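Welcome, and please open your viewer.

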Amino acid sequence: MKNGDRISGTVRSLSDGKLVMDTRYGGTLSLNWIAVSTLSSEKAIDVRNGNGKQVFKAQLEAADPGYIVVRRGADEQRVQVGKFEEFMKPKPKTDALTWTGNIDAGISLKKASTHTQDSHFSYNNKINIGKWRNDFGGTYTREKEDDTMNTENYSLRYALDYKFREQFFWQGRASYKRDWVEDLSEQSLMGTGPGYQFWDNELGSFSLALLGGAFSYGYSDGSSDNHFGASVRWDYQRYLKGRTVTLFSHGDVGHSLDEAGIFTMDAEVGLRYQLTSWSSLNVSYGHSLVSGTRDTLNERNFTTGLGVKW
């Protein structure tokens with residue numbers, strides 16, 4: 001560092017002016033890149049060039065203050081620290097089981113001319129082992145004004161991916177939503193199809209899946225509709241400001257494959273700010289739309305609250 005300190009650890013990312021390192025003595029540290037004087041690595045690492053399209057093996061060696069020596073075999077280049085802007089060590093490929101997840105909760109109480117109680121909970125889990133990836137979670141939303149229940153519903157989902165090539169996978173997905181207020185009281189989907197992982201590294205991930213399967217809709221009077229359909233599912237997250245901020249979006253859009261012309265959309269976009277290594281502040285906007293059924297559903301939700309992650 002420019003102040004003379006020497007820090008040892010595992011580099012995770014360099015993005016948005018923040019160098020993120022895992023250390024044995026201080027956990028994950030986020031350092032201002034402008035405070036770094038030079039850098040060295042014990043062995044060759046994967047270095048990404050400035051435009052992010054080329055990755056090569058290189059050994060980093062400490063040099064004069066403000067410079068880094070990048071050694072590629074017999075070739076050697078002296079690079080200014082300020083120009084060494086975008087590099088990272090990719091996630092190691094492993095068959096070991098990994099489990100990540102988070103729980104978010106938001107509660108709002110207001111007592112004036114009317115008494116309102118709003119609450120929202122969501123949980124997400126990802127369990128990966130080898131070429132198999134499990135993604136499951138759920139939500140619960142409740143909005144009550146005096147004795148009138150304006151919103152009350154929950155949703156569950158589960159997806160199983162099999163990665164048969166470096167970036168290609170096959171997904172099977174099932175989801176269910178139950179609503180006690182709307183006429184459209186039940187929604188369920190079962191589908192399967194191919195997917196493509198555009199990237200999955202220390203700076204984030206992005207994947208798309210094209211699914212075909214069956215849609216089912218239930219109504220408050222006990223009647224139901226069933227249709228075959230197709231949907232596109234996306235899952236995106238990007239770490240910013242040295243992984244202290246996460247931009248995320250996930251959801252799906254679908255359409256029936258018969259004359260009914262049913263269109264569905266269930267999408268969420270938001271930001272999560274890391275307060276500590278395990279807690280966060282989150283803000284999100286969600287939009288659920290179902291048209292072409294007996295009852296059109298069009299819900300928009302803005303939520304904010306606290307969360308924990310592991």
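Which residue in the turn of the hairpin formed by strand 1 and strand 2 has a positive phi? Select Asp-16: its phi is about 55°, and 2 residues lie between the two strands. Before moving on, note that this is a predicted model, where local features need pLDDT of at least 70, side-chain atom pairs count only at pLDDT 80 or more, and totals for chains, interfaces and linings use all residues. Residues are numbered from 1 along each chain as its sequence is written, and side-chain values use heavy atoms, with hydrogens and water left out.

**The hairpin and its sheet**

Stay with strand 1 and show strand 2 (residues 18-23) beside it: they run antiparallel and are joined by 5 bridges. Strands here are DSSP runs of E with at least two residues, helices are runs of H or I with at least four, and both are numbered from the N terminus. Two strands pair if DSSP finds at least two bridges between them. Now pick Leu-14, whose bridge partner in strand 2 is Leu-19, and then Ser-15, which is partnered by Lys-18.

The 3 strands make an open sheet in the order 1-2-3, with antiparallel pairing. Strand 1 (10-15) and strand 3 (27-32) are at the edges with a single partner strand each, so one side of each has no neighbour in the sheet.

Click on Asn-134 and you will find Leu-160 of strand 11 opposite. In the turn, look at Asp-146: the hairpin has 2 residues between its strands, and this Asp-146 has a positive phi near 55°.

Continue to strand 12 (residues 168-179), which pairs with strand 11 in the antiparallel sense over 11 bridges. Here Leu-156 faces Tyr-176 in strand 12, and 4 residues separate the two strands of this hairpin.

**Zooming out**

Finally, show the whole protein chain, which has 0 helices and 19 strands. Its C-alpha trace spans about 75 × 50 × 30 Å along the principal axes. Of its 310 residues, 37% count as buried, meaning under 20% relative accessible area with a 1.4 Å probe, protein chains only. Colour by contacts (heavy atoms within 4.5 Å): among those between residues at least 6 apart in sequence, 44% join residues at least 24 apart.

Conventions. Buried means under 20% relative accessible area, exposed over 50%, partly exposed in between (1.4 Å probe, protein chains only).
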